[in-house]
There are 2 protein chains.
Amino acid sequence: MSCEAVLVETLRSRGMRVTPQREMVLAALHELGGHSSVEEIHQQVITKSDAVDKSTVYRTLELLKELGLAIETDMGDGIQRYELAAHRAHGHLRCVCCGRVAPLELADLDALKDHLLAAFGFAMRDHQVIVGFCQNCRQAQGGRRPAV
Amino acid sequence: MSCEAVLVETLRSRGMRVTPQREMVLAALHELGGHSSVEEIHQQVITKSDAVDKSTVYRTLELLKELGLAIETDMGDGIQRYELAAHRAHGHLRCVCCGRVAPLELADLDALKDHLLAAFGFAMRDHQVIVGFCQNCRQAQGGRRPAV
DNA sequence: CTTGCTGCAAAGTCTTTGCATGTAC
DNA sequence: GTACATGCAAAGACTTTGCAGCAAG
């Protein structure tokens with residue numbers, strides 16, 4: 001079942017309304033691929049219908065989060081980013097130097113996840129963000145490392 | 001050498017001034033222990049001198065960060081938190097349910113760190129924040145897991 | 001005394017909220 | 001037709017900036 005169909009069913013089953021704005025926000029998450037900011041999502045939506053307000057995007061993202069269709073992730077730069085729950089099964093590598101975010105296979109996090117659960121009973125989220133310096137930035141700046 | 005002495009030397013060597021405000025912000029970081037918000041640091045400072053402005057705290061924290069004396073960490077809740085660089089050698093476990101943050105030994109992160117460096121050339125920060133559900137919240141809410 | 005730092009106030013950014021209008025059902 | 005959702009505008013939270021006076025060196 002497609003995301004759109006899930007959205008329609010979920011909304012209907014709760015007595016909520018299926019509006020073009022809600023469908024467009026969901027579509028924007030699809031088209032943008034992953035971890036998009038509210039600003040980016042809004043820009044994407046208004047390419048289709050320029051009257052959609054940013055507050056509606058905020059409200060819709062909050063709704064999609066509650067319905068379990070979207071996931072909110074803070075990459076550590078203070079900007080909330082959203083992606084489809086269907087994209088959930090991966091982590092992120094964020095470079096504090098260039099800001100780029102690369103996807104990370106869950107398998108790469110499994111050992112840590114198992115360890116934290118066994119040692120502390122702590123259930124790590126799947127879409128964990130790992131922060132550090134990417135290969136490019138490490139090479140470009142040599143020994144210099146900003147204190148972040 | 002104490003943190004205060006490092007601050008004084010570092011400032012002097014750069015031709016910057018040693019002011020009571022700067023010393024008080026550093027002292028507040030000491031007293032608060034770890035990962036404190038700007039609000040908490042400001043409150044701590046004004047217990048000693050109530051005329052210190054929050055903008056000065058912001059500017060001073062930015063300065064301490066540049067000097068390498070303090071570390072800024074976003075725990076994923078949108079609020080920047082600061083701690084002394086001397087406290088740096090640990091990670092954090094943050095529970096998205098109750099918001100509590102527990103320290104995490106670096107040893108627990110070593111395997112992942114080595115793996116990311118070997119596999120992707122990615123240098124993970126020492127004070128990585130791991131997000132998930134703590135033992136208490138997992139037990140309290142059973143199977144229910146908010147989509148975060 | 002000179003220059004950098006501070007307090008104050010104002011502005012900026014991102015997000016949330018109140019309310020009348022519009023629209024899905 | 002009846003609620004719920006939207007657009008607009010205003011307010012809120014957090015942070016940054018401009019500037020005149022103050023104070024460290």
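Of the 148 residues in chain A, 43% are buried. The model is a predicted one, and every value below was computed from it. Chain A holds 6 helices and 7 strands. Their order along the sequence is α-α-β-α-α-β-β-β-β-α-β-β-α. The C-alpha trace of chain A spans about 55 × 40 × 20 Å along its principal axes. Contacts within the chain can be sorted by how far apart the partners stand in sequence: among those in chain A between residues at least 6 apart, 47% join residues at least 24 apart.

The surface of chain A comes next. Its accessible area is about 7300 Å², and carbon and sulfur atoms account for 49% of that. Chain A carries 17 positive and 19 negative side chains, with the centres of the two sets 4 Å apart.

Chain A meets chain B in a contact that takes 41 residues from chain B and 41 residues from chain A. The size of an interface is often given as the accessible area lost when the parts come together. For chain B and chain A the buried area is about 3200 Å², and carbon and sulfur atoms give 59% of it. How many salt bridges does the rule find across the interface of chain B and chain A? It finds 0.

Over all chains, however, a search of the whole structure finds 12 salt bridges. Side chains of opposite charge can pair when their charged atoms come close. One such pair is Arg81(A) and Glu40(A), whose side chains meet in a salt bridge at 4.0 Å, N to O. This pair links distant parts of the chain, with Arg81(A) in strand 3 (residues 80–84) of chain A and Glu40(A) in helix 3 (residues 38–46) of chain A, 41 residues apart. Are the two partners buried or exposed? Arg81(A) counts as buried because its relative accessibility is 16%, under the 20% limit. Glu40(A), at 37% relative accessibility, counts as partly exposed.

A second pair sits within one helix. The side chains of Lys65(A) and Glu62(A) form a salt bridge at 3.6 Å, N to O. Both residues lie in helix 4 (residues 54–67) of chain A, 3 residues apart, which is about one turn of the helix. Lys65(A) is buried, with a relative accessible area of 17%, whereas Glu62(A) is partly exposed at 36%.

In chain B, Lys48(B) forms a salt bridge with Glu31(B), and the closest N and O atoms are 2.8 Å apart. Lys48(B) lies in the loop between helix 3 (38–46) and helix 4 of chain B, and Glu31(B) in helix 2 (residues 20–32) of chain B, so the pair ties together parts that are 17 residues apart in sequence. Lys48(B) is partly exposed at 43% relative accessibility, and Glu31(B) is also partly exposed at 43%. Back in chain A, salt bridges that share partners join Glu62(A), Lys65(A) and Glu72(A) into one network.

One more residue of chain B remains. Thr60(B) lies in helix 4 (residues 54–66) of chain B. Which residues does Thr60(B) contact, leaving aside its neighbours within four places in sequence? They are Arg22(B) and Val25(B). Thr60(B) counts as buried because its relative accessible area is 3%, under the limit of 20%.

Terms used:
Residues are numbered from 1 along each chain as its sequence is written. Chains are lettered from A and ligands numbered from 1 in the order in which they are written. This is a predicted model: local features need pLDDT of at least 70, side-chain atom pairs count only at pLDDT 80 or more; totals for chains, interfaces and linings use all residues. Side-chain values use heavy atoms; hydrogens and water are left out. Helices (H or I, at least four residues) and strands (E, at least two) are DSSP runs, numbered from the N terminus. Buried means under 20% relative accessible area, exposed over 50%, partly exposed in between (1.4 Å probe, protein chains only). Contact means heavy atoms within 4.5 Å. Accessible areas come from the Shrake-Rupley method with a 1.4 Å probe; for residues, only the protein chains shown count as cover. Lys and Arg count as positive and Asp and Glu as negative; His and the chain ends are not counted. The place of a charge is taken as NZ of Lys, CZ of Arg, CG of Asp or CD of Glu. Buried area is the accessible area (1.4 Å probe) that two parts lose on being put together, summed over both.
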